[in-house]
Number of protein chains: 2
Amino acid sequence: MSNYIFVMTDPEYIITFMTMIRSKANNMIVAEFKKNNITGIAPSHAAILNFLYKSKIKLRMVDIAEQIQRDKSTLTVLVNKLVKLGYVKRERSDEDSRITYIVLTKKALELKPTFTRIARLMIKTAFKDFDQKEQKLLMDKLGKLYNNY
Amino acid sequence: MSNYIFVMTDPEYIITFMTMIRSKANNMIVAEFKKNNITGIAPSHAAILNFLYKSKIKLRMVDIAEQIQRDKSTLTVLVNKLVKLGYVKRERSDEDSRITYIVLTKKALELKPTFTRIARLMIKTAFKDFDQKEQKLLMDKLGKLYNNY
DNA sequence: AAAATATAGTTTGACATAAAACTAATGTCA
DNA sequence: TGACATTAGTTTTATGTCAAACTATATTTT
């Protein structure tokens, strides 16, 4: 028994609280994957795939790293796993041989509907009972917080 | 050059956005530590120390784990480091020998003013130009988001 | 009292993550 | 053209993190 009651909505713990929210969201994503027999995939991998699904042009490592907000060295590891699991392939550019394009495999394309459905579910779940105005308000306040650092 | 512009305030990326905020906050904490010649300490370690500073009773591993929202196995590793750096000591309970109390050393107590000052600075920075109402509103919306999962 | 269960903490194994150092290729500029 | 700087990506190293298995002790149940 602790003498201390952790009040998550105390502004002092806003960062911890946001971490908790992220953790819950991630758990839900992983659970949804499991329901759909998708294993070995973490939310970060899903973020890569979702970005690839949406893109109309070939994407380089740096493009993806920027989008999912991870270091390029982290991305190398994440993509390695996606390659190993058969979701993506690396393709060396002809024009600039420094560049590697990451392209979806047939396996990944077949799963596109599942992944996009889960992505939509996540947003819908997060903002359940938020109206448009409320949603914008939250994002604005978070934006302000972000800029304060 | 990506064809995609990452709009951080798009509700779709709320989790990524919160991760970015956390990252910025963490970077600032680490920078503040460096300024004060405190090295080898990550934000999670600081969270442990800050909790110990505030507590009026001896704290067990589980108490701390609950407060800083980490698995107990993670806490073992974090505390190991704090022991190694000389900030805390482990103390076996006499009444219940399963229990280990974590107690601050002299070194840690001397640094209490510095740690609490940095903790206050972090909150002040986060909520710069937030009035009381705005602050509460943000926390309420985050609370709603949290409960939606 | 013995057996079963619960609790506290550590160890092990796996993984996401980032910083720094590195390789390789391209671009710039004097 | 040659030297220097930039860019793309990987490797290396280190760390925070969790889940599962484990040890040890205490509590509950039968």
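Is A:Ile123 buried, partly exposed or exposed? At 27% relative accessibility, A:Ile123 counts as partly exposed. Buried means under 20% relative accessible area, exposed means over 50%, and partly exposed lies in between (1.4 Å probe, protein chains only).

This is a predicted model, in which local features need pLDDT of at least 70 and side-chain atom pairs count only at pLDDT 80 or more, while totals for chains, interfaces and linings use all residues. Residues are numbered from 1 along each chain as its sequence is written, chains are lettered from A and ligands numbered from 1 in the order in which they are written, and side-chain values use heavy atoms, with hydrogens and water left out.

**View 1. A:Ile123 and A:Ala25 in chain A.** A:Ile123 belongs to helix α6 (residues 112-126) of chain A. Helices (H or I, at least four residues) and strands (E, at least two) are DSSP runs, numbered from the N terminus. In sequence, A:Ile123 and A:Ala25 are 98 residues apart. In space, their C-alpha atoms are 9.6 Å apart.

**View 2. The protein surface near DNA strand C.** A residue is near the strand if one of its heavy atoms lies within 4 Å of it. DNA strand C is surrounded by 24 residues. The closest are B:Arg60, B:Lys72, B:Thr76, B:Arg90 and B:Thr100. Of the atoms of DNA strand C that come within 4 Å of the protein, 65% belong to sugar and phosphate. By class, this surface has 10 charged, 8 polar and 6 nonpolar residues. Asp, Glu, Lys and Arg count as charged; Ala, Val, Leu, Ile, Met, Phe, Trp, Tyr, Cys and Pro count as nonpolar; the others, Gly among them, count as polar.

**View 3. Individual atom pairs at DNA strand C.** A:Arg98 places a polar side-chain atom 3.4 Å from a sugar or linking oxygen. For B:Arg98, a polar side-chain atom lies 3.1 Å from a base oxygen. α4(A) gives the most, with 5 residues.

**View 4. A salt bridge between chains, A:Lys54 to B:Glu12.** A salt bridge is a side-chain nitrogen of Lys or Arg within 4 Å of a carboxyl oxygen of Asp or Glu. The closest N and O atoms of A:Lys54 and B:Glu12 are 2.5 Å apart. A:Lys54 sits in helix α2 of chain A, and B:Glu12 in the segment before α1 (14-35) of chain B. A:Lys54 is partly exposed at 36% relative accessibility. B:Glu12 is partly exposed at 35%.

**View 5. The salt bridge of A:Glu91 with A:Lys58.** Here the closest N and O atoms are 2.8 Å apart. A:Glu91 lies in strand β2 (residues 88-92) and A:Lys58 in the loop between α2 and β1 (59-60), so the pair ties together parts of chain A that are 33 residues apart in sequence. A:Glu91 is partly exposed, at 30%. A:Lys58 is partly exposed, at 45%.

**View 6. The salt bridge of A:Asp140 with A:Lys136.** The closest N and O atoms are 2.7 Å apart. Both residues lie in helix α7 (residues 132-148) of chain A; they are 4 residues apart, so about one helical turn separates them. A:Asp140 is partly exposed at 41%, whereas A:Lys136 is exposed at 51%. Salt bridges that share partners also join A:Glu134, B:Lys141 and B:Lys144 into one network. Over all chains, the count comes to 18 salt bridges.

Methods:
Polar contact = N/O pair within 3.5 Å; in protein donor to acceptor, adjacent residues only side chain to side chain.
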